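Here are my notes on this one, point by point. Have the model open while you read.

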Amino acid sequence: MHFSWKQHLELSRKVSKSADAHQGVALALMGVGLSMLAKDLLAAELLDRSSTQTPTKN
């Protein structure tokens with residue numbers, strides 16, 4: 001899954017709004033959202049590192 005930063009923010013706003021009425025569901029969704037964000041940030045970091053590394057000659 002590759003969400004844009006805007007989509008991650010939208011998810012957090014929606015979860016925040018529903019937290020008062022459905023605390024358990026909101027907490028579960030926050031965990032899912034954080035997991036997705038962590039994966040997307042890691043993927044972006046790895047992509048950035050792979051594009052900036054130059055091959056070495058032996």
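1. Packing first: the buried residues of H2 pack against helix H1 (5-18). Those buried residues are Ala-26, Gly-33, Met-36 and Asp-40, where buried means under 20% relative accessible area with a 1.4 Å probe, protein chains only.

2. Before going on, a caveat: this is a predicted model, with local features needing pLDDT of at least 70, side-chain atom pairs counting only at pLDDT 80 or more, and totals for chains, interfaces and linings using all residues. Numbering starts from 1 along each chain as its sequence is written, and side-chain values use heavy atoms, leaving out hydrogens and water.

3. The protein chain has two helices and zero strands (DSSP runs, H or I of at least four residues for helices and E of at least two for strands, numbered from the N terminus). Of its 58 residues, 12% count as buried.

4. How do the two axes sit? The axes of H1 and H2 come within 9 Å and cross at roughly 165°, as lines fitted to C-alpha atoms over the stretch in contact, with angles from 0 to 180 degrees between N-to-C directions. That makes H1 roughly antiparallel to H2 (angles over 145 degrees). On the H1 side the contact (heavy atoms within 4.5 Å) is made by Trp-5, His-8, Leu-11, Val-15 and Ser-18; the H2 residues include Leu-29, Met-30 and Leu-37.

5. Helix H2 (residues 23-52) passes a length check: at 1.5 Å a residue, its 30 residues should span 44 Å, and the end C-alpha atoms are 43 Å apart, which agrees. The expected span is 1.5 Å times one less than the number of residues.

How values were computed:
Buried < 20%, exposed > 50% of the residue type's maximum accessible area, 1.4 Å probe, protein only. Parallel < 35°, antiparallel > 145°, perpendicular 65-115°, else oblique.
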